[in-house]
Amino acid sequence: MVTAAEIAGITIFAELDAADRERLSRAAADITLAPGEYAANPGDERALFALLGGESRR
Amino acid sequence: MKSEDGIETVVGERAPGDVFGEVPITLGTVFPVGFRAAEESRVLRLEPRDYHAVASVAPDVALEVGRLAAHRMSGPGGLQGLAAKPPRPRAIVLGHRWDAACTELRRFLDRNQIVYRWLQPDVPEDAEQWWGALPAEGDYPALRVVDGKTVVRPQARRIAELLDLSTEADFAEYDVVIVGAGPAGLAAAVYGASEGLRVVAVEREAPGGQAGTSSRIENYLGFPSGVSGDELSSRALNQARRLGAEILVTRTITRIDAAARHVHLDGGDVLRARTIVLACGVAWRRLEIPGFDRLAGKGIFYGAARSEAANTHGLDVHIVGAGNSAGQAAMFFSTHAGSVTILCRGGGLEKSMSRYLIDQLGSRANIAVRARTELAAAHGNASLEAIDVRDVDTGETSRLVSGGSTSSSAPTRRPPGCRPRSRSTSGASCSPGRTCATRAGGRSGGTRTCSRRASRGSSPAATSATPR
């Protein structure tokens with residue numbers, strides 16, 4: 001589960017007020033990826049991702 | 001990650017706190033590249049409606065995402081630069097324009113989506129770019145793997161091995177062995193693999209089957225603007241592989257022991273299966289017309305639109321057949337060829353071709369239909385030089401003759417009895433000089449080609465090309 005505090009750690013969401021961060025944290029899906037696993041494949045439908053921890057390569 | 005010919009390249013990295021997917025979310029497109037975790041990672045995913053809900057109350061977020069998207073797109077390392085960057089060839093083909101073996105080699109590479117460069121030994125600037133001595137005349141075509149070996153007159157299996165295409169099964173036993181990797185075989189592979197089954201599809205040539213050669217498919221569910229056969233095949237292949245299915249190419253099945261559920265491959269390999277799916281598809285029926293077999297690949301092509309269209313620049317193309325495949329091939333060739341004439345044994349296209357396609361054909365000034373006409377013979381030595389066409393009502397035969405030279409600047413003459421080219425798709429016309437004909441069968445067994453009735457579902461396309 002993504003928390004409002006973690007939302008605040010995402011650069012583009014840093015300036016959101018507490019209520020919006022809370023709303024966003026409830027809407028966001030929390031996904032754990034193993035090394036080598038894809039968050040998105042070429043051709044996948046649009047969505048916005050943010051990296052909470054670890055490293056992603058595109 | 002950008003994938004090209006199965007080789008992945010890292011084009012960027014993201015650290016905690018960074019976002020990705022800003023380009024698709026801003027432009028409303030699919031992901032142009034993939035994002036893979038370099039280490040164990042946690043990501044949050046926002047669906048478009050949730051993102052837009054936030055953006056509507058916090059415009060700065062939308063502005064920042066838009067700015068990031070513009071940044072990612074621009075510059076030589078950006079997505080725009082990546083898209084503009086030509087794919088790196090994996091192989092160089094050296095062979096003559098009208099050499100059937102070279103045509104077959106190029107077709108094999110095209111169908112397996114291998115990026116390659118084609119050099120013609122009789123074109124001086126091409127020959128200069130072939131590093132080292134040219135092969136002996138009898139050794140064409142030659143193939144050189146970039147940074148790898150050079151082979152002459154290679155067989156498909158050898159090419160596949162050199163280019164790291166999958167030809168050997170990883171296991172001896174599978175839950176599902178699928179015979180054929182056309183759309184049906186790949187669909188079976190996707191569904192089987194997605195259920196966790198160990199699946200292998202065995203394809204004798206290239207994934208995609210007959211549909212893979214189609215220049216455009218406009219009535220496939222889920223593609224509102226249509227999709228080319230090779231794009232459809234590529235997507236299906238990626239999907240099947242991503243789900244874990246194995247796809248073997250250049251392997252033929254020599255025998256199936258249904259009782260033991262053993263599938264025997266060429267070379268003696270045997271795959272044991274719990275289930276065998278036959279998705280063999282169709283084979284093109286060859287036209288039994290004098291000269292056709294001899295000139296196949298030398299100006300006459302079956303189902304060749306995607307791979308051959310660029311080589312017909314300025315030529316007059318004749319397409320044999322009146323089904324949707326013929327129509328789509330005509331549309332595709334018309335963007336390269338000087339003229340395209342559909343040779344149709346019936347009175348018109350209406351009984352065998354979809355309405356939307358007939359309408360599209362009618363909008364192209366360089367496409368004509370010659371009705372009540374069948375192909376009678378093909379002539380030429382090194383390459384196709386002329387075709388004979390017969391009026392099915394009168395029996396009168398006329399010859400569409402080239403200048404007798406393979407040079408594109410050779411003179412041309414109008415064949416006897418040639419009527420002016422018509423823009424009507426239901427009228428009759430012929431074009432002088434260079435001819436290049438594609439045979440294309442029709443849909444659902446209802447189409448008559450110039451020579452014979454097309455079998456159900458088959459979409460043969462024999463192209464004959466006689467340079468002006």
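Q: What does B:Asp175 form a salt bridge with?
A: B:Asp175 pairs with B:Arg274, and their closest N and O atoms are 3.1 Å apart. A salt bridge here is a side-chain nitrogen of Lys or Arg within 4 Å of a carboxyl oxygen of Asp or Glu. This is a predicted model, in which local features need pLDDT of at least 70 and side-chain atom pairs count only at pLDDT 80 or more, while totals for chains, interfaces and linings use all residues.

Q: Where do B:Asp175 and B:Arg274 sit in the chain?
A: B:Asp175 is in strand S11 (residues 173–179) of chain B and B:Arg274 in strand S16 (residues 270–278) of chain B, so distant parts of the chain, 99 residues apart, are linked. Helices (H or I, at least four residues) and strands (E, at least two) are DSSP runs, numbered from the N terminus.

Q: And how are things numbered and counted?
A: Residues are numbered from 1 along each chain as its sequence is written, chains are lettered from A and ligands numbered from 1 in the order in which they are written, and side-chain values use heavy atoms, with hydrogens and water left out.

Q: Is B:Asp175 buried or exposed?
A: Buried, at 18% relative accessibility. B:Arg274 counts as exposed, at 54%. The cut-offs are under 20% relative accessible area for buried and over 50% for exposed, with partly exposed in between (1.4 Å probe, protein chains only).

Q: How many salt bridges over all chains?
A: The search of the whole structure finds 23.

Q: Which side chain meets B:Arg72 in a salt bridge?
A: That of B:Glu22, at 2.3 Å from N to O. B:Arg72 belongs to helix H3 (residues 59–73) of chain B and B:Glu22 to helix H1 (residues 22–27) of chain B, so the pair ties together parts that are 50 residues apart in sequence.

Q: B:Glu22: buried or exposed?
A: B:Glu22 is buried, with a relative accessible area of 2%. B:Arg72 also counts as buried, at 14% relative accessibility.

Q: Which side chain meets B:Asp388?
A: B:Arg399, in a salt bridge of 2.8 Å, N to O. B:Asp388 lies in strand S22 (residues 384–391) of chain B and B:Arg399 in strand S23 (residues 397–401) of chain B, so parts 11 residues apart in sequence are tied together. B:Asp388 counts as buried at 9% relative accessibility, while B:Arg399 is partly exposed at 36%.

Q: Switching to sheets. What order do the four strands of the open sheet take in chain B?
A: S8-S7-S9-S10, with mixed pairing. Strands S8 (116–119) and S10 (150–152) of chain B stand at the edges with a single partner strand each, so one side of each has no neighbour in the sheet. The twist averages 15 degrees from one strand to the next. Two strands pair if DSSP finds at least two bridges between them.

Q: How many bridges between S7 and S9 of chain B?
A: Four, in the antiparallel sense, between S7 (residues 91–94) and S9 (residues 142–145) of chain B. B:Leu94 is opposite B:Ala142 there.

Q: Which strands does helix H5 of chain B lie across?
A: H5 (residues 100–111) of chain B lies across S7, S8 and S9 of chain B, running at about 165 degrees to S8(B). Axes are lines fitted to C-alpha atoms, for helices over the stretch in contact (heavy atoms within 4.5 Å), and angles run from 0 to 180 degrees between N-to-C directions.

Q: Which residues of H12 in chain B are buried?
A: In helix H12 (residues 355–362) of chain B they are B:Leu357, B:Ile358 and B:Leu361. Seen down the axis of H12(B), they fall within an arc of 100 degrees, so they line one face of the helix. The arc is that of the directions from the helix axis to the C-beta atoms. These buried residues pack against helix H11 (324–333), strand S19 (339–343) and strand S20 (367–370) of chain B.

Q: What about chain A: how many helices and strands?
A: Two helices and four strands, running α-α-β-β-β-β from the N terminus. Of the 58 residues in chain A, 43% are buried.

Q: Which strand of chain B does S3(A) pair with over five bridges?
A: Strand S6 (residues 41–46) of chain B, in the antiparallel sense, with A:Leu51 opposite B:Val43. S3(A) also pairs antiparallel with strand S4 (residues 19–20) of chain B over two bridges, where A:Phe49 stands opposite B:Phe20.

Q: Why is S3 of chain A largely enclosed?
A: Five of the six residues of S3 (residues 48–53) of chain A are buried, so the rest of the structure largely encloses that strand.
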